[in-house]
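Welcome! Let's take a friendly walk through this structure, one question at a time.

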Amino acid sequence: MSRLSESVTRVMHILDGADLGADYTAAQLLSETTARRSLDLSDLSPEEQAALVEGRANHLIPSAAVLAEKIEAAQAAGRPFVVKYGIDPTSPDVHLGHAVPIIIASRFQRMGHHVVFIIGDVTAKIGDPSGRSSDRPPLTDEDIARNLSGYQQQVTPFIDFERADLRFNGEWLNKVTLPELVGVLARVPVSMSLQREDFRTRLADGHGLSVAEFVYSVVMAWDSVAINADVELGGVDQLLNLQMCRKVMEISDQSPEVVITTPLIEGTDGTGTKMSKSKGNYVGLTASPDDVYGRLMSIPDHLTEPYLQLLTEWTDDEIRVVTKRLEEGTAHPMAIKRILAGEVVAALHGLDAAAAARAEFTARFSKRSFADTQNLPVLSLKEHAEDTLGALISRTLDFAPSVSAVRRVAQQKGLRLIRESNGDQRPTPLTEASVQQTLGEVVGEIGALEGAELYLKVGRKVARIDV
């Protein structure tokens, strides 16, 4: 039995009939599953390794069987099996959406393989056109240097850089000559770029498309040639770029890398859009333990299962047990969400931070009396009576990135006024229409309750209204 199988057996024993909402159960599970993030997986056969990776992939090209064969061949030859993951430093922040393929890279590392983390300091100047509706503003060397400053630190919870390489593609791209570039371009079919829907859409809509963007994937493919990659990881939006890497490796008389794409994780607002800083529906890798925990507790219930699949070391069998218990009513969705939030906090900040974040969340949002909660923000009804609720929540309280986001919270039944008196709470759900009403109108509609304190709850966040 492999070390992973032994761990799964222990977790399944914990899950069997335990109260998943209990702190003791959560601590047991978290201790076991967090340990997996450093579990040696080298005792898995090449076929088992390929199957473990395939279970979290959107695409595995050409196949899991080929991946297993390449792993076995590298082992037989006594050479490192090279796993490539690249990222262009177009922003200073990395979030959980970026972490999905990085978590797969960490598993490859624990299987005993060699991870090469490539920073695209040259390709960032072109700008990855994948999914773009317009050209990306060019980055200066100063922009790139600023964005790069915290990259390694942010992904260190997942990648052990003492056993991995961090390289910049300027190391080889700055040395490429024009004859070399033309020689490769001459052998790349134009159809490989023209099949891109994002290119066709931009041209049809009259938006610009530079020649540099047109050849971005070819330039990026040079990275794979430079390190002779065996496998490359990326989000599913990178599929066409990664297929170009295989083509350019063929042109360079190298064995084409195996391509593995991972899902684009849905944002915390649950609206179906991918996690993105610009949409405010993300969890940053540098966020505090309490913030990470709270943001994950605010996700809609339907995101819990895919987040467990993509952000934790839980196996499909374990997730099926939890899902079955939810369906049977022997586990509460909030209990599973607490486990998920603890998993991610533990990955980023450690077990002690996860336990503290759970306790803080329970103290702040699960106890009956908001009056006992310290340092709640306060809205003065006298000062803000004529301000619309959406603007107050998004701008004054900074509880949401936009009025539209507040509206989505209301749609999901997460916006409410709560009257509290002697520990007794009377919540009044607020509708989407309430977002455009003034604070005075909203408070006036629920009626007075003598001696009661009034609170505004937005998802997981709470503010007191001073009347």
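Buried means under 20% relative accessible area, exposed over 50%, and partly exposed in between, using a 1.4 Å probe and protein chains only. Helices (H or I, at least four residues) and strands (E, at least two) are DSSP runs numbered from the N terminus. This is a predicted model, where local features need pLDDT of at least 70 and side-chain atom pairs count only at pLDDT 80 or more, while totals for chains, interfaces and linings use all residues. Residues are numbered from 1 along each chain as its sequence is written, and side-chain values use heavy atoms, leaving out hydrogens and water.

Q: Which elements do the buried residues of helix 23 pack against?
A: Helix 23 spans residues 403-411, and its buried residues are Ala405, Val406, Val409 and Ala410. They cover an arc of only 150° around the axis (taken from the directions from the helix axis to the C-beta atoms), so they lie on the same side of helix 23. Through contacts (heavy atoms within 4.5 Å), these buried residues pack against helix 22 (389-396), strand 8 and strand 10 (453-458).

Q: Is Glu420 buried or exposed?
A: Glu420 is found in strand 8, residues 415-421. With a relative accessible area of 5%, Glu420 is buried.

Q: What covers the buried residues of helix 3?
A: In helix 3 (residues 46-54), Pro46, Gln49, Ala50 and Val53 are buried. Their arc around the axis is only 95°, which puts them on the same side of helix 3. The cover includes strand 1 (59-61), helix 4 (64-77), helix 5 (96-110) and strand 6 (258-262).

Q: Why is helix 1 roughly antiparallel to helix 2?
A: Axes are lines fitted to C-alpha atoms, for helices over the stretch in contact, and angles run from 0 to 180 degrees between N-to-C directions. Angles under 35 degrees count as roughly parallel, over 145 as roughly antiparallel, 65 to 115 as roughly perpendicular and the rest as oblique. The axes of helix 1 (residues 3-15) and helix 2 (residues 23-35) come within 10 Å. Helix 1 is roughly antiparallel to helix 2 because their axes cross at roughly 170°.
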